[in-house]
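Here is a short briefing to read alongside the structure. Take a look at the chain first, then work through the points below by topic.

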Amino acid sequence: MIDFDFFLFNIWKGNPGPQVVWAAFGKPLEDDGYHRIYDRNGENYLEIPKISILDAGEYSCIATNMMGAVYSNFTICVEGKWQKYLDW
């Protein structure tokens, strides 16, 4: 088990201020307790507490307003180390 929290942020500026959506595997993410999505001082955060190998994959951050859209794509790679436990 990997016991790390993962944080990523993007800074989008625009007038009017953009709506920001985080997506994974082509589907929008929600602030659902497993993923934390929030804005702090104009920085848009995606947090995955206790990230696991199952979280590895393609992610996007999309910002839109009436002037258009911009996006950032990225890949999360998670590597784990298997440990074998023996009962003595």
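A residue counts as buried when its relative accessible area is under 20%, as exposed when that area is over 50%, and as partly exposed in between. With that in mind, 27% of the 88 residues of the protein chain count as buried. Please keep in mind that this is a predicted model.

**Overall fold**

- The protein chain has seven strands and zero helices.
- Along the sequence, the pattern reads β-β-β-β-β-β-β.
- Taking contacts between residues at least 6 apart in sequence, 58% join residues at least 24 apart.

**The nonpolar core**

- In soluble globular proteins, nonpolar side chains tend to be buried together.
- The largest nonpolar core here has 13 residues, and the members touching the most other members are W22, L29, L46, I48, Y59 and I76.
- Two or more residues of this core come from each of β2 (19-24), β5, β6 and β7 (68-76).
- Strand β6 gives the largest share of this core, with three residues.
- Which residues does I48 touch, leaving aside those up to four places away in sequence? The list is F4, D5, F6, Y34, H35, D55, Y59 and I76.
- Two of those partners, Y59 and I76, are also named with I48 among the core members that touch the most others.

**Salt bridges**

- Side chains of opposite charge can pair when their charged atoms come close.
- How many salt bridges does the structure hold? There are two.
- One of them joins the side chains of D5 and K50, at 4.0 Å from N to O.
- This pair links distant parts of the chain, 45 residues apart: D5 lies in the segment before β1 (6-11), while K50 lies in the loop between β5 (43-48) and β6 (57-65).
- D5 is partly exposed, at a relative accessible area of 41%, and K50 is also partly exposed, at 45%.
- Another salt bridge joins the side chains of E47 and R36, at 2.7 Å from N to O.
- Here E47 sits in strand β5 and R36 in strand β4 (residues 36-40), eleven residues apart.
- Are the two partners buried or partly exposed? E47 counts as buried because its relative accessibility is 6%, whereas R36 is partly exposed because its relative accessible area is 36%.

Notes
Residues are numbered from 1 along each chain as its sequence is written. This is a predicted model: local features need pLDDT of at least 70, side-chain atom pairs count only at pLDDT 80 or more; totals for chains, interfaces and linings use all residues. Side-chain values use heavy atoms; hydrogens and water are left out. Helices (H or I, at least four residues) and strands (E, at least two) are DSSP runs, numbered from the N terminus. Buried means under 20% relative accessible area, exposed over 50%, partly exposed in between (1.4 Å probe, protein chains only). A nonpolar core is a set of buried Ala, Val, Leu, Ile, Met, Phe, Trp, Tyr and Cys residues joined through side-chain atoms within 4.5 Å. Contact means heavy atoms within 4.5 Å.
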